[in-house]
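I set out to record what I looked up in this structure. The entries follow in the order in which I made them.

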Amino acid sequence: VAIVRDERLVYANAFGQADMEVPESARTGHRYRIASLSKALTAAAVVKLIEEGRFELDDRVFGAGSILGNVYGVPTADVATIEVQDLLEHTGGGWCGAGSEPGIMFTQYDLSRDELIADTLENFPLNTTPGTTYCYSNFGYSVLEAVIEAAMGGESYEDYILDELATPAEADSLALAGNTLADQMTDEVKYYDFFDPYFFN
């Protein structure tokens, strides 16, 4: 817990266990994964790039003349209509929700992001017309990572977030986490849930 008043940190404390087996109590210096809260950082990066004139909200993402072009293969006609705004607003037309999102998002973790995008475009058709139906999509935000990198001429998503958002906000210890317990960083807490939070192993 951290409380700031008048732009000054007035209280910081940690509660609970960082590791129940050791055991080790949580400290304010421990690292925590922010999971889907990272989508807010991705969205902020997209808005910043739009403000800089790198692309527009209504720019198409896939296909000839789009931001990503045919890097991931020639898209179907409906996929070729997906715009940046559709991905930001979870209205891309498919690849959404725990039950219907491509299984590769959470089972084929050995694929790189680019391999995952190409495989999904080839094997998982859209369910609805882009821009018409909301459905929460982790995959859509993975595509936005690729959009950010394309707009920056190949600079990595992680570097862009650190350089343009985290460091100016004095959050320069931010880092891209791994999926497994083996990927645990120094001072990162251990995760517990009703299911194995490290099921990517």
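Entry 1. Which residue in β2 does Ile3 stand opposite? I worked on a predicted model and found that Ile3 stands opposite Tyr11. I then looked up the pairing itself: strand β1 (residues 2-5) and strand β2 (residues 8-12) run antiparallel and are joined by four bridges. In their hairpin I noted two residues between the strands, and a positive phi near 50° at Asp6.

Entry 2. I next examined the packing of helix α1 (residues 38-51) against helix α5 (residues 138-151). The angle between them is about 35°, and their axes are 10 Å apart. I recorded the crossing of α1 and α5 as left-handed. On the α1 side, I listed Lys39, Thr42, Ala43, Ala45, Val46 and Leu49; these meet Asn138, Tyr141, Leu144, Ile148 and Ala151 in α5. By class, the residues of this contact divide into eight nonpolar, two polar and one charged.

Entry 3. I turned to the largest nonpolar core and found that it has 32 residues. Val61, Phe62 and Val143 are those with the most contacts inside it. I noted that α1, α2 (84-88), α4 (113-123), α5 and α6 (157-166) each supply at least two residues of this core. The largest share, eight residues, comes from α5.

Note on methods: Residues are numbered from 1 along each chain as its sequence is written. This is a predicted model: local features need pLDDT of at least 70, side-chain atom pairs count only at pLDDT 80 or more; totals for chains, interfaces and linings use all residues. Side-chain values use heavy atoms; hydrogens and water are left out. Axes are lines fitted to C-alpha atoms, for helices over the stretch in contact, and angles run from 0 to 180 degrees between N-to-C directions. A crossing is left-handed if the near helix is turned anticlockwise from the far one by less than a right angle, and right-handed if clockwise. Contact means heavy atoms within 4.5 Å. Ala, Val, Leu, Ile, Met, Phe, Trp, Tyr, Cys and Pro count as nonpolar, Asp, Glu, Lys and Arg as charged, and the others, Gly among them, as polar. A nonpolar core is a set of buried Ala, Val, Leu, Ile, Met, Phe, Trp, Tyr and Cys residues joined through side-chain atoms within 4.5 Å. Buried means under 20% relative accessible area, exposed over 50%, partly exposed in between (1.4 Å probe, protein chains only). Two strands pair if DSSP finds at least two bridges between them.
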